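Me: Please take a close look at one part of this model, a pair of strands and the sheet around the pair. I would like the cut-offs stated along the way.

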Amino acid sequence: MADRRVNPILQFGTSRFLQAHVDLFVSEALDRGEALGGITVVQSTQNPASSQRTQAFCRPEGYPVVVRGLSEGQAVTTEKTCRAIRKALNARTQWDEVRADMCNGTAVVISNTGDSGWLLHDTDGPHLLAAGQAAPESFPAKLLVLLHDRWQRVPQQPLTVLPCELVANNGDQLHATVAQLASAWQCDAAFMDWLPRGVVWGNSLVDRIVSEALEPVGAVAEPYALWAVENQPGLQLPCRHPDIVLTDNLAVFEKQKLHVLNLGHTVLADLWLKLAQDADMTV
């Protein structure tokens, strides 16, 4: 029997990264009574692998996350169990239920939709705001429909949107994209005014190497993890966790990750490629 509960966390994305990062954080916080509640995952793509994960997410036994690597200079391997995901929906076939959940208890929306997840689709249009319509193709259009429903039905209920895509000022950027789309769809001026006031658009930075997917669901990840979230009035976090940092200066964490860690990785990879090319030339 399908789980009909409305969970306070609505997540777009089924990736192994989310499984070993946000979802595991919430699971560990639930064990301590420090999470808003469970997660409903929405599958946005028709990828067969995503469909298999969606079907396996809600098993009562949860799914494994193997944490493997160096911690304080020591090699560690630990298997954890994630039980935070309580419901999984397919946007293409269960969009009406996603829309209903958005207006009946959702407090935080989380996304990690991949490199092309924010691209808009020409097939999406304002007709999709009407009840009973199919789900839009793009994630920003899906979010616009859900927020429009929210504005119509429960505009006073607090809501935080926390994108995890690796985009600078990702909350601000997602807000701008949704607002631009709402303008193109000629949404009501009152709704346009509500978007920045009725929704908290959180900027955040995520970091964890998730090296391998487990089948049908689960992941292998390094011990280090970070979710840095920029503080602002009204912000709701899905949970409290030692690896979640609430900060007034997100730029510091972006510099550490993008300029120090990622740049170092890029330079080392470039040197390795050049050394390999030089070796081939001398053979």
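Reply: Strand 12 (residues 226–230) runs parallel to strand 13, and four bridges join the two. Strands here are DSSP runs of E with at least two residues, helices are runs of H or I with at least four, and both are numbered from the N terminus; two strands pair if DSSP finds at least two bridges between them. One of the residues involved is valine 229, whose bridge partner in strand 13 is leucine 246. The model is predicted: local features need pLDDT of at least 70 and side-chain atom pairs pLDDT 80 or more, while totals for chains, interfaces and linings use all residues. Residues are numbered from 1 along each chain as its sequence is written, and side-chain values use heavy atoms, without hydrogens or water.

The pair belongs to an open sheet of three strands, ordered 9-12-13, with mixed pairing. Strand 9 (204–207) and strand 13 (244–247) each have a single partner strand, so one side of each has no neighbour in the sheet. From one strand to the next the twist averages 15°.

Definitions and conventions
Axes are lines fitted to C-alpha atoms, for helices over the stretch in contact, and angles run from 0 to 180 degrees between N-to-C directions.
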